[in-house]
Structures are given as structure tokens and as C-alpha cells.
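Please look over the structure shown here together with its sequence before reading the report. The text is meant to be read with both at hand.

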Amino acid sequence: MSPCQSCGACCAAYRVSFSCHEVDDLPGGSVPEALVESVAPHLVCMRGTASAPVRCVALRGKVGEAVSCAIYEFRPSACREFAPLAAVGRGDEACNEARRRHGLSDLTVAAA
Ligand code: SF4
Ligand code: SF4
């Protein structure tokens, strides 16, 4: 099982922002428009991640125990590209910082 499935810390630690062109109200977009809010011209973020306490509206479950993403197939690039080796147990600084904020131990940091 991926460590991410019992973590979810990054979905409750950072502002998850990305281009408005990824939102499904534009051709080619996939992220549900109802789940995003505007940050700046052409920039949006997942609802729930713009202010403390941070928790993405699409996150299901309890951080550090069992979690899932309600829009996994349609999640933004910021999520797809975050700590890409964490799913196989190799984190990076941003991943481990998020984990620390939730009292979780570091994953092994991937070699550069
Ligand atoms: S990428 Fe890191 S912080 Fe995010 S869910 Fe996976 S293990 Fe947790
Ligand atoms: S869209 Fe999914 S993967 Fe991205 S922050 Fe929200 S819950 Fe996490």
C-alpha cells in the first residue's frame, strides 16, 4: 500500500494552487470548478487550502490514518507532480515537512 493512503499531510499543509486552465469550466480542464477558488488572475487553488487550518475540500478521511482524494482522476497538476516517489516510500523535503506538521515521521528522502 502507498504511504500516501495513510498520510494525506500534503493535502492539509500547503496552498494547492494551479492555472485556471486546469479547471473544468474551460476546454481541456478537469478539476471541478465548484472545488476551486480564485487566487489571482489566471491562478486558482483548491478550496480549503488558502487559509489556516489548511485542508483541501477534496480530501476524505483522517490525516495520518486513512485518506483518499475525492477527485483523484481529476486532481490538478500541483497534486500529480508533488513528491512523485512518495507513493513508493521515497519522500522529499516538502513531503516530509508536511508530514512533520502532522506529527508523522519522515519518509526516506529520494537520492538526487
Ligand atoms: S506525498 Fe508525502 S505528504 Fe503527501 S500524502 Fe504522500 S507521504 Fe503524505
Ligand atoms: S485535490 Fe486531492 S490530491 Fe490534491 S490536495 Fe486535494 S485531496 Fe489532495
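Predicted model: local features only at pLDDT ≥ 70, side-chain atom pairs only at ≥ 80, totals over all residues.

## Strand pairing

Strand β3 (residues 43–46) takes part in two of the pairings described here. With strand β2 (residues 36–40) it forms an antiparallel pair held by four bridges, and in this pair Val-36 stands opposite Met-46 of β3. With β1 the arrangement is again antiparallel, joined by three bridges, and here Phe-18 faces Val-44 of β3.

A further antiparallel pairing, with four bridges, links strand β4 (residues 59–62) to β5. Within this pair, Gly-61 is found opposite Val-67 of β5. As background to reading such positions, side chains in a regular strand alternate between the two faces of the sheet.

## Turns and backbone exceptions

The hairpin of β2 and β3 has two residues between the strands, and His-42 there takes a positive phi near 70°. His-42 belongs to the loop between β2 and β3. In the hairpin of β4 and β5, by comparison, three residues lie between the strands, and the residue with a positive phi, near 85°, is Gly-64.

Another backbone feature is the cis peptide bond between Ala-52 and Pro-53, for which omega is about -5°. Pro-53 is located in the loop between β3 and β4.

## The largest pocket

Sorted by class, the lining comprises 27 nonpolar, four polar and four charged residues. At least two lining residues come from each of β5 (66–69), α1 (77–80) and α2 (93–101).

Ligand 1 takes up space in the largest pocket, and ligand 2 likewise takes up space in the largest pocket.

## The surroundings of the two ligands

Around ligand 1 lie Cys-4, Cys-7, Gly-8, Cys-10, Phe-82, Ala-83, Ala-86, Cys-95, Arg-99 and Leu-107. This shell divides into eight nonpolar residues, one polar residue and one charged residue.

Around ligand 2 lie Cys-11, Val-16, Met-46, Cys-56, Ala-58, Leu-59, Cys-69, Ile-71, Pro-76 and Cys-79. The shell of ligand 2 holds 10 nonpolar residues, with no polar and no charged ones. Met-46, one of the residues around ligand 2, is the residue that stands opposite Val-36 in the pairing of β2 with β3.

## An aromatic pair

Which residues form the aromatic pair, and how are their rings placed? The count comes to one aromatic pair. The ring centres of Tyr-14 and Phe-82 are 6.1 Å apart and the ring planes stand at 45°, so the pair is classed as tilted. Tyr-14 is in the segment before β1 (17–19), while Phe-82 is in the loop between α1 and β6 (90–91), so the contact ties together parts that are 68 residues apart in sequence.

Technical notes:
Residues numbered from 1 in each chain as written. Chains lettered and ligands numbered in written order. Heavy atoms only, no water. Pairing = 2+ DSSP bridges. Near = heavy atom within 4 Å. 1 Å grid on protein atoms, 1.4 Å probe; cavity = no way out; pocket = protein on both sides within 12 Å on 5 of 7 lines; lining within 4 Å. Sits in = over half its atoms within 2 Å of the grid points. Nonpolar A, V, L, I, M, F, W, Y, C, P; charged D, E, K, R; others polar. Phe/Tyr/Trp six-rings, centres within 6.5 Å; stacked < 30°, edge-to-face > 60°.
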